[in-house]
Amino acid sequence: RAPAGGGGDFNIWYGKKVGRQEKEALQATTRMDPARDTGRTQASRGDRFCVYFAQGRCKEGSRCEYQHRIPTEDDEKALSNEVDIFGRERHGSDRDDMGGIGSFHRENTTLYVGKVPAEGGGRDVKKEVRAQFGAFGPLEAVRFPEGRECCFVKYRFRANAELAREAMMGQSLAKGDLPLNIKWATEDPNPGAQKRERERAERKVREHLRQEGVCLADTSYNYPVDYRVPGDSEPPPAKRP
Ligand SMILES: [Zn+2]
């Protein structure tokens with residue numbers, strides 16, 4: 001069996017990840033229960049975390065050479081930028097499907113969670129997501145885009161996001177649900193960051209139009225007061241003398 005930390009056996013891990021690339025996540029057959037599965041192992045603080053523990057299928061128990069517990073702020077501080085908590089190398093660029101180990105250029109505390117069931121039938125899906133993902137570390141924010149069956153779960157620490165991704169991949173929130181498909185988020189759920197990203201995109205468009213020779217000067221000031229731009233419901237604001 002491959003060492004639970006991965007580390008030196010990057011290709012083995014990569015191979016496993018490639019096999020998981022399909023759109024629908026495979027239903028996980030085991031699940032980690034923090035209350036049942038965390039405990040002392042042969043590992044000391046600072047050692048790698050056990051990916052089999054994260055997936056609820058480590059058979060080594062207290063004999064395991066890797067850590068079986070929920071990472072804390074101290075683990076986050078000790079974490080190298082170049083590896084994840086399981087000791088797997090992070091990449092210089094993101095995988096196309098964002099399903100891989102993650103890029104060290106990205107903060108990577110936010111998970112994209114796909115196949116989230118729609119609200120209804122007396123279920124509080126938002127509460128289920130917060131409770132089930134919150135079991136793997138402190139959450140910063142959970143965002144549910146309107147009308148889409150997915151959500152973004154942002155952890156305070158990357159260490160917990162990495163654990164949660166392994167722990168929740170292919171799990172269902174409730175019996176009968178589709179397995180969740182979990183990737184690293186490309187979108188920052190922080191509204192401030194989103195606004196900056198939009199402004200940056202707008203500046204790029206303006207710059208492009210300027211290069212094309214489109215006049216971008218604001219000409220509304222000399223419109224007659226009752227003039228309406230076609231398609232505009234509001235007249236341009238009247239200029240004070
Ligand atoms: Zn283990």
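The face of α5 turned away from its buried side carries the residues K127 and A131, which are exposed (over 50% relative accessible area, whereas buried means under 20% and partly exposed lies in between, with a 1.4 Å probe and protein chains only). This is a predicted model, in which local features need pLDDT of at least 70 and side-chain atom pairs count only at pLDDT 80 or more, while totals for chains, interfaces and linings use all residues. Residues are numbered from 1 along each chain as its sequence is written, and side-chain values use heavy atoms, with hydrogens and water left out. Helices (H or I, at least four residues) and strands (E, at least two) are DSSP runs, numbered from the N terminus.

**Helix α5**

- Within α5, which spans residues 125-134, the buried residues are V125, E128, V129, Q132 and F133.
- Seen down the axis of α5, these buried residues fall within an arc of 105 degrees, so they line one face of the helix; the arc is that of the directions from the helix axis to the C-beta atoms.
- The buried residues of α5 pack against β1 (110-114), β2 (139-143), β3 (150-155), α6 (158-168) and β4 (181-184), where contact means heavy atoms within 4.5 Å.

**The sheet**

- An open sheet of 4 strands has the order β2-β3-β1-β4 with antiparallel pairing, and two strands pair if DSSP finds at least two bridges between them.
- Because β2 and β4 stand at the edges with a single partner strand each, one side of each is left without a neighbour in the sheet.
- The antiparallel strands β1 and β3 are joined by 5 bridges, and V113 has C151 in β3 as its bridge partner.
- In the loop between β1 and α5 lies K115, a residue other than glycine whose phi is positive, near 65 degrees; K115 is partly exposed, with a relative accessible area of 33%.

**The zinc site**

- The protein donors of the zinc ion are C50 (SG), C58 (SG), C64 (SG) and H68 (NE2), lying 2.1 to 2.4 Å from the ion; donors are N, O and S atoms within 2.8 Å of the metal (3.2 Å for Na, K and Ca), and water is not among the atoms, so sites may look incomplete.
- The 4 donor atoms subtend angles of 103 to 115 degrees around the zinc ion, which makes the arrangement tetrahedral (four donors with all angles between 85 and 135 degrees).
- In sequence, the donor residues follow the spacing C-x7-C-x5-C-x3-H.
- C50 counts as buried at 0% relative accessibility, and H68 is buried with a relative accessible area of 6%.

Definitions and conventions
Four donors count as tetrahedral if all angles lie between 85 and 135 degrees; four count as square planar and six as octahedral if opposite donors are over 155 degrees apart and all others between 65 and 115; anything else is irregular.
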